[in-house]
Amino acid sequence: MSERKSVLITGATRGIGRAIAEELAPDWHVIVGGRRPDAVNALVESLPSAEPFLADVLDGEALIEAASHVTGLDALIPCAGQTTLGRIADLTPEQWRAEFELNVIAPAQLTRLLLPALRDRAGHVVFINSGGGLHTRGNDACYSASKHALVAVANGLRAEEAGRVRVTSIHPGKVDTDMQVAMQAELGNPYEPERYLSPHDVARTVRLALTMDPGANIDMLSVRPTR
């Protein structure tokens with residue numbers, strides 16, 4: 001078997017991030033990003049070829065330290081994120097800042113730190129965005145604004161790194177994750193998992209993007225539930 005390509009996935013211990021790690025594990029070396037050593041190490045031990053990347057992506061110094069040990073990276077998949085619901089009339093500046101810190105600034109800064117390693121391998125950055133990065137509904141402006149901003153990060157990076165690093169935005173519709181359970185509970189809705197995408201549906205779109213021939217790139221891919 002040829003040498004495995006390496007991929008760093010943040011938010012890898014749950015939800016979409018974990019599904020991506022499991023999808024790529026058969027033929028990739030997975031660098032498991034997360035904050036909790038127990039969860040990160042448990043996933044590392046369950047995969048055929050993996051190592052930990054322990055850092056809180058909101059802790060700038062910790063992120064710099066962790067990134068300094070990564071060399072020769074083939075793919076980066078920033079997957080950590082959060083959802084803040086609320087009407088614009090009610091949202092506080094602190095809520096806006098927290099949403100943008102995790103959903104925009106953290107993936108942008110991690111990408112900046114790892115660009116040298118990605119350039120070395122003609123690598124690929126796959127941003128896990130959202131349907132909220134393409135449209136906006138009431139009570140969803142804070143989250144949607146952060147995801148629209150992440151589109152701008154991806155588009156700018158793609159233009160700046162053309163010919164060196166490929167860049168893809170994946171835009172899932174609603175996905176059956178812990179975040180979705182919490183969101184629907186906050187909205188007072190019954191939870192019906194069959195109405196949502198499986199995290200593994202999203203993971204398969206990531207694999208598709210990563211397996212395109214070198215002369216092709218999927219700039220943006222939207223995947224939505226059929227219901």
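Reply: α4 and α5 run roughly parallel to each other, because their angle falls under the 35 degrees that this word requires. This is a predicted model, where local features need pLDDT of at least 70 and side-chain atom pairs pLDDT 80 or more, while totals for chains, interfaces and linings use all residues. Residues are numbered from 1 along each chain as its sequence is written, and side-chain values use heavy atoms, without hydrogens or water.

Now for the pair itself. α4 spans 93-120 and α5 spans 141-160; both are helices, meaning DSSP runs (H or I) of at least four residues, numbered from the N terminus. They pack at an angle of about 20 degrees, with their axes 8 Å apart. Each axis is a line fitted to C-alpha atoms over the stretch in contact, and angles run from 0 to 180 degrees between N-to-C directions. The crossing of α4 and α5 is right-handed: the near helix is turned clockwise from the far one by less than a right angle.

Who touches whom? On the α4 side, the contact (heavy atoms within 4.5 Å) includes W96, F100, N103, V104 and P107. On the α5 side you will find, among them, Y143, K147, A149, L150 and V153. By class, this contact holds 14 nonpolar, four polar and two charged residues. Here Ala, Val, Leu, Ile, Met, Phe, Trp, Tyr, Cys and Pro count as nonpolar, Asp, Glu, Lys and Arg as charged, and the others as polar.

A cavity is a set of points on a 1 Å grid where a 1.4 Å probe fits but cannot get out, and its lining residues have an atom within 4 Å of a point. P78, A80, L102, N103, P107, F127, I128, K147 and L150 line the second largest cavity. Seven of the lining residues are nonpolar, one is polar and one charged.

Look again at N103 and P107 in α4 and K147 and L150 in α5: they take part in the helix contact and also line this cavity.

Note on methods
On a 1 Å grid over the protein atoms alone, a cavity is a set of points where a 1.4 Å probe fits but cannot get out, and a pocket is an open set with protein on both sides within 12 Å along at least five of seven lines; lining residues have an atom within 4 Å of a point. Helices (H or I, at least four residues) and strands (E, at least two) are DSSP runs, numbered from the N terminus. Angles under 35 degrees count as roughly parallel, over 145 as roughly antiparallel, 65 to 115 as roughly perpendicular and the rest as oblique.
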